[in-house]
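These are my notebook entries on one structure, written down as I looked things up. I kept each entry to what I could look up.

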Amino acid sequence: MHTLILGGARSGKSALAERLATASGREVTYIATSQPGDAEMAARIAHHRARRPAEWGCVEEPLALASTLRLHARDDRVLLVDCLTLWLSNLLGDVDPTRFIAERDALLATLPTLPGEVLFVSNEVGLGIVPMGELTRRFVDEAGRLHQSLAAQCDRVLFVAAGLPLTLKGAPA
Amino acid sequence: MHTLILGGARSGKSALAERLATASGREVTYIATSQPGDAEMAARIAHHRARRPAEWGCVEEPLALASTLRLHARDDRVLLVDCLTLWLSNLLGDVDPTRFIAERDALLATLPTLPGEVLFVSNEVGLGIVPMGELTRRFVDEAGRLHQSLAAQCDRVLFVAAGLPLTLKGAPA
Amino acid sequence: MHTLILGGARSGKSALAERLATASGREVTYIATSQPGDAEMAARIAHHRARRPAEWGCVEEPLALASTLRLHARDDRVLLVDCLTLWLSNLLGDVDPTRFIAERDALLATLPTLPGEVLFVSNEVGLGIVPMGELTRRFVDEAGRLHQSLAAQCDRVLFVAAGLPLTLKGAPA
């Protein structure tokens, strides 16, 4: 039972994922993909951390998501990945241009083999005008393709706006 | 019975709000938050105005929304606020940086105390790549947070695309 | 029975349109509006073409959409237009500034008269911050207005995210 939660900036997608993790009744491990590169990002990370229950495990992994999921997945555990957008952004900015393909393929190959439950949070970024720049267009394209691939593998896909979920696939939240 | 109507640019959200206002059977007061700063904006305002029935009241208020709502709310009246996005933009651009927080908190405190009905129209702006700039990111963040806060207080939340509403909360439009 | 399929970049809207065309049981003619101006666009066009069945007809028409639809529409045929966004972009960039209005009005006048079935694919571009530039704002405005006008004429309107359709109007996909 894996879930993909898509939504815009400040749409409440992380809060929804946290509610679903709590409601699952399983032990929760939070997998943070962010890298606190500047003060603004550090403030966002602190804001998210303050909201999470103290008993949740937390793992920080900006790049090697598939192996991190394999290492921590257990029947009685839900892994909350927040968020795929930053992971994708980290990979596309990596010095090794082949790393993204390898990590993406590893994620898609690993997901169906994992015990327990995974909740993915990701930003929908393809519904506006794409600003100039080849890297930006590639980011939007790869995010869209990743969402399609993961949505096909997940049991439930939700789209969040104003904190409220629309069900794209599976049971309503 | 308050309603939040979210949608993209030219999605038909204002026209939907106007239909709901008419269908309410109540007297309608239109609350315009725009400031006709240039010719392009003046043309948009004129376009909206030409579509509204002549018997509707109209109040222009770019900043002090909570006190305007308090002043005009009545049991037999629907207040149509078009739109929150411009109000937010006006506040974030105000010379007094504390004004936004004060006005936003006043709006959220006032809404549950109002008689009658309020229809809010707002742009969803968080589903694309956010262009560079700290003010732009702040605008997207504050719009998203405001939508979540208002959606929690409203009885009905609608998402409009191509003139057609999806129901996020409450009864279908 | 005409259908409008809206979605973001890489949302799976073209693949959905192709599945619906195949499922219709009718002969399919694909109407491509793109102009292979550079290597990146040529690669996108080749990617789409490789996915289409060999027996589908294909017509390339960047501007004169209404007359192309009239020429090819038949009771036993579905016309798949991919995509309106590029057509709109071609028209707004045309040397003749009156061409866009004429072609848009011709499309809206023609659609109700056509035999058979039309599937339109278009990008939703109005849900993010609109980057600076009068032409960009006009493009977003005209795309939104066109979607509203076509949605009013179509029997079915779908919004696609992560390859999964939400039904805005008509029967679910």
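Which residues of helix 1 (residues 13–23) of chain C are buried? I work with a predicted model, in which local features need pLDDT of at least 70 and side-chain atom pairs count only at pLDDT 80 or more, while totals for chains, interfaces and linings use all residues. Residues are numbered from 1 along each chain as its sequence is written, chains are lettered from A and ligands numbered from 1 in the order in which they are written, and side-chain values use heavy atoms, with hydrogens and water left out.

**Entry: helix 1 of chain C**

I found that the buried residues of this helix are C:Lys13, C:Ser14, C:Leu16, C:Ala17, C:Glu18, C:Leu20 and C:Ala21. Buried means under 20% relative accessible area, exposed means over 50%, and partly exposed lies in between (1.4 Å probe, protein chains only). Helices (H or I, at least four residues) and strands (E, at least two) are DSSP runs, numbered from the N terminus. I also noted a general point: an α-helix has 3.6 residues a turn, so residues three or four places apart point the same way.

I next followed the seven strands of chain C, which form an open sheet in the order 3-2-4-5-1-6-7 with mixed pairing; two strands pair if DSSP finds at least two bridges between them. Strand 3 (57–60) and strand 7 (164–169) of chain C stand at the edges, and because each has a single partner strand, one side of each is left without a neighbour in the sheet. The twist averages 20 degrees from one strand to the next; for such angles, axes are lines fitted to C-alpha atoms, for helices over the stretch in contact, and the angles run from 0 to 180 degrees between N-to-C directions.

**Entry: strand 5 of chain C**

Why is strand 5 of chain C largely enclosed by the rest of the structure? I found that seven of its seven residues are buried, so the strand is largely enclosed. On one side lie C:Glu117, C:Leu119, C:Val121 and C:Asn123, and on the other C:Val118, C:Phe120 and C:Ser122, so that I could record both faces as covered. Strand 1 of chain C runs parallel to strand 5 and is joined to it by five bridges, and C:Thr3 stands opposite C:Leu119. Strand 4 of chain C also runs parallel to strand 5, again with five bridges, and here C:Leu79 stands opposite C:Val118.

**Entry: the nonpolar core**

I then looked up the largest nonpolar core, which has 120 residues, and those with the most contacts inside it are A:Phe120, B:Phe120 and C:Phe120. A nonpolar core is a set of buried Ala, Val, Leu, Ile, Met, Phe, Trp, Tyr and Cys residues joined through side-chain atoms within 4.5 Å. C:Phe120 touches, among others, C:Leu4, C:Ile5, C:Leu69, C:Val81 and C:Cys154, not counting residues up to four places away in sequence; contact means heavy atoms within 4.5 Å.

**Entry: cysteines**

How many disulfides does the structure hold over all chains? I found zero, where a disulfide is a pair of cysteine sulfur atoms within 2.5 Å. The sulfur of C:Cys58 is 14 Å from the closest cysteine sulfur, in C:Cys83, which is too far for a bond, and C:Cys58 counts as partly exposed at 42% relative accessibility. The sulfur of B:Cys83 is 13 Å from the closest one, in B:Cys58, again too far for a bond, and B:Cys83 counts as buried at 8% relative accessibility.

**Entry: between the chains**

Finally, I looked up A:Asp141, which has its place in helix 6 (residues 134–153) of chain A. A:Asp141 counts as buried at 10% relative accessibility, and it touches C:Arg10 and C:Arg44, not counting residues up to four places away in sequence.

A rotation of 120 degrees with 0.0 Å of shift along its axis superposes chain A on chain C, with an RMSD of 0.0 Å. The two copies are thus related as by a three-fold rotation axis, and in chain A the C-alpha nearest the axis is that of A:Gly128, 2.4 Å from it. Copies are superposed by least squares on the C-alpha atoms of residues with pLDDT of at least 70 in both.
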